[in-house]
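Trainee: I would like to learn how to read helix packing and pockets. Please take me through a case.

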Amino acid sequence: MGREDVSACMGLRARILQALKDESDSIGDETKRATLRLIECAIRDRDVCARGRGQGAGCPDEDVRRVLETLVLQREASAREHDDEGRIEDAIRERSEIEIIQQFLPKPLSGKALEIAVKQIVDDLGASKLTDLGRCVNALKERYPGLIEASSAGKAVRTALSKSL
C-alpha cells in the first residue's frame with residue numbers, strides 16, 4: 001500500500017517537519033536534507049522570538065510562511081551574486097535550495113481564481129477608476145496573504161477596472 005497524501009490537512013510547520021523526518025529516514029538528496037534543516041532552524045529561531053513576546057505556542061503558520069519567503073529572497077540574492085562572480089556551481093546550489101523551499105509555499109493565485117478574487121475585491125471596495133489600483137492590490141494582499149504576486153495582481157486589477165470604465 002502507498003502512503004496517503006495528508007499534506008493538505010497538515011499545517012505548514014507540520015509539513016516541513018514531516019518532510020525532514022522522511023528525508024532523514026531515507027538515503028536521499030543531501031541538499032534537500034540540509035535545506036530542510038536550515039528551514040527548521042529558522043523556524044525555531046522565530047519560535048524563540050515569539051516566546052519572548054509571550055506567545056508560548058511559538059510562531060503561527062503565517063510567520064513560518066514569511067520565514068520561507070525570506071529564505072527564498074536571500075537565496076535569490078545569493079544566486080545573483082554567485083552568477084556575477086562566476087561561481088556557477090554555488091548559484092546552481094542556491095537555486096536548488098529555492099526549489100526545495102518553494103515546495104512548502106502556497107502557489108500564488110492565477111488565471112480564473114485570480115480574476116474571481118479581483119472581481120470580488122473591486123466590487124467590495126466599489127472601485128471604478130484606475131486610481132483605485134493600489135487600494136485594490138493592497139486589499140488582495142490582505143485578504144489572500146501569501147497568494148498574491150503584485151505584478152500579476154496589478155495587471156488583473158487594471159484589466160478589471162478598465163472594463164468597469
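Trainee: At what angle do the axes of helix α3 and helix α4 cross?

Mentor: Two packed helices are described by the angle between their axes and the distance between the axes. Here the model is predicted: local features need pLDDT of at least 70, side-chain atom pairs count only at pLDDT 80 or more, and totals for chains, interfaces and linings use all residues. Residues are numbered from 1 along each chain as its sequence is written, and side-chain values use heavy atoms, without hydrogens and water. The axes of α3 (residues 61-85) and α4 (residues 88-102) cross at roughly 165° and come within 8 Å. Axes are lines fitted to C-alpha atoms, for helices over the stretch in contact, with angles from 0 to 180 degrees between N-to-C directions. Helices are DSSP runs (H or I, at least four residues), numbered from the N terminus. α3 and α4 are therefore roughly antiparallel (over 145 degrees).

Trainee: Which residues of α3 and α4 make the contact?

Mentor: Among them are L68, L71 and V72 of α3 and I88, A91 and I98 of α4. Contact means heavy atoms within 4.5 Å.

Trainee: At what angle do α5 and α6 cross?

Mentor: The axes of α5 (residues 111-125) and α6 (residues 133-143) cross at roughly 115° and come within 10 Å. The contact includes V118 and I121 of α5 and A139 and L140 of α6.

Trainee: Which helix gives the most to the lining of the largest pocket?

Mentor: Rolling a probe the size of a water molecule over the atoms shows where empty space is left. In this pocket, α3 gives the most to the lining, with 4 residues.

Methods:
Helices (H or I, at least four residues) and strands (E, at least two) are DSSP runs, numbered from the N terminus. Angles under 35 degrees count as roughly parallel, over 145 as roughly antiparallel, 65 to 115 as roughly perpendicular and the rest as oblique.
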